[in-house]
Amino acid sequence: MRPAEPPQIADRRLVLEDERVANPYVSIQMLAPVREPGDQDEAAALFYLAEILGGSGQTSLMARRLQVEEQRSLYTAAFYDSTSFDPSGFTLVNLPVPGVSLEEAEADLWRVIEAFLDEGIDAAQFERIRFSVEAGEIYAEDNTAGLARGYGVDLAAGLSVADADGWADALDAVTPEDVMAAAERLFDGASTVTGYLMQPEPTQTDATEASQ
């Protein structure tokens with residue numbers, strides 16, 4: 001017996017305030033499927049989705065739209081952990097520029113997601129990511145410690161040696177259509193956990209002291 005994620009029947013929100021926060025940011029997390037024994041296709045597609053949306057600080061979709069073109073964000077990212085006993089998390093992060101509220105930053109994330117679902121995947125970006133993934137798998141063969149750890153993680157999560165060996169093939173087989181289908185399933189009415197990390201809101205006493 002071990003703790004399990006309770007059923008998500010509604011969106012959840014969490015606000016953490018601390019005076020030491022220099023750059024407030026918003027994160028949005030939703031449950032996502034993971035690699036399953038004998039079936040890693042959905043996880044492979046979600047791996048590509050995270051790379052497309054926020055895997056690179058220069059070329060990913062959120063970075064191009066929000067950091068470069070609109071200059072509304074200092075940092076954006078998307079994270080996905082494909083190895084877990086239970087459903088994993090797919091997370092979007094947006095650290096806005098000063099003057100853009102966290103509410104606006106949250107809306108910016110969903111605006112980019114909606115545009116992505118409407119416009120689809122840029123073919124050139126997809127091929128760049130595929131090339132990078134293939135290169136990473138080749139370079140990983142030279143890291144014996146990393147290979148051993150990878151097998152250990154997979155086996156500890158209930159996968160087999162065959163699953164570990166087949167992960168690279170699963171990634172190589174992903175198509176843009178697979179990624180778009182996985183994105184639609186992920187974002188279609190998913191219950192989310194939205195978090196704000198921010199400085200405390202000024203109180204009436206703080207405002208009075210500041211004016212004096």
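In this predicted model, V15 touches Y196 and M198, leaving aside residues up to four places away in sequence. V15 itself belongs to strand β1, which covers residues 12-17. The chain as a whole contains eight helices and five strands, and 39% of its 212 residues count as buried.

**Overall fold**

- Read along the sequence, the secondary structure follows the order β-β-α-α-β-β-α-α-α-α-α-β-α.
- The C-alpha trace spans about 70 × 45 × 35 Å along its principal axes.
- Among the contacts in the chain with a separation of 6 or more, 77% are made by residues 24 or more positions apart.

- V15 counts as partly exposed, because its relative accessibility is 48%.
- V15 and A4 are 11 residues apart in sequence, and their C-alpha atoms are 23 Å apart in space.
- D39 is found in the loop that runs between β2 (25-32) and α1.
- The relative accessibility of D39 is 43%, so D39 counts as partly exposed.
- D39 and V26 are separated by 13 residues in sequence and by 33 Å in space, C-alpha to C-alpha.

**The largest nonpolar core**

- The largest nonpolar core holds 42 residues, of which L49, L53, F90, L92, F116 and F187 touch the most other members.
- Helix α1, residues 41-54, gives the most to this core, with nine residues.
- L49 touches F90, F116, V179, A183, L186 and F187, when residues up to four places away in sequence are not counted.

**Helix α2 and the residue that follows**

- Which residues of α2 are buried? They are L61, M62, A63, R65, L66 and Q67.
- These buried residues of α2 pack against α1, β3, β4 (88-96), α3 (102-119) and α4.
- R65 is placed in helix α2, which comprises residues 61-69.
- Is R65 buried or exposed? R65 counts as buried because its relative accessible area is 18%, under the 20% limit for that class.
- The contacts of R65 are with E70, V112, A115 and E119, not counting residues up to four places away in sequence.
- Helix α2 is followed by Q71, which lies in the loop between α2 and β3 (73-80).
- Q71 has a positive phi of about 55°, although Q71 is not a glycine.
- With a relative accessible area of 58%, Q71 counts as exposed, the limit for that class being over 50%.

**Aromatic residues**

- How many aromatic pairs does a search of the whole structure find? The search finds six aromatic pairs.
- F47 counts as partly exposed, because its relative accessibility is 24%.
- Y48 counts as buried, because its relative accessibility is 0%.
- F47 and Y48 form one aromatic cluster with F126 and W167.
- The ring of W167 also has a charged neighbour: the charged end of R35 sits over that ring, 4.3 Å from its centre.

**The largest pocket**

- The volume of the largest pocket is about 700 Å³.
- The pocket is lined by 26 residues, and those closest to its centre are E137, G150, D154, A164 and W167.
- Helices α4 (123-140), α5 (144-156) and α6 (161-172) each supply at least two residues of the lining.
- Which element gives the most to the lining of the largest pocket? Helix α5 does, with seven residues.

How values were computed:
Residues are numbered from 1 along each chain as its sequence is written. This is a predicted model: local features need pLDDT of at least 70, side-chain atom pairs count only at pLDDT 80 or more; totals for chains, interfaces and linings use all residues. Side-chain values use heavy atoms; hydrogens and water are left out. Rings of Phe, Tyr and Trp (its six-membered ring) pair if their centres lie within 6.5 Å; planes under 30 degrees apart count as stacked, over 60 as edge-to-face and the rest as tilted. Buried means under 20% relative accessible area, exposed over 50%, partly exposed in between (1.4 Å probe, protein chains only). A charge sits over a ring if NZ of Lys or CZ of Arg is within 6 Å of the ring centre and within 35 degrees of the ring normal. A nonpolar core is a set of buried Ala, Val, Leu, Ile, Met, Phe, Trp, Tyr and Cys residues joined through side-chain atoms within 4.5 Å. Helices (H or I, at least four residues) and strands (E, at least two) are DSSP runs, numbered from the N terminus. Contact means heavy atoms within 4.5 Å. On a 1 Å grid over the protein atoms alone, a cavity is a set of points where a 1.4 Å probe fits but cannot get out, and a pocket is an open set with protein on both sides within 12 Å along at least five of seven lines; lining residues have an atom within 4 Å of a point. Grid points are joined across faces, edges and corners, and a volume is the space filled by probe spheres set on the points.
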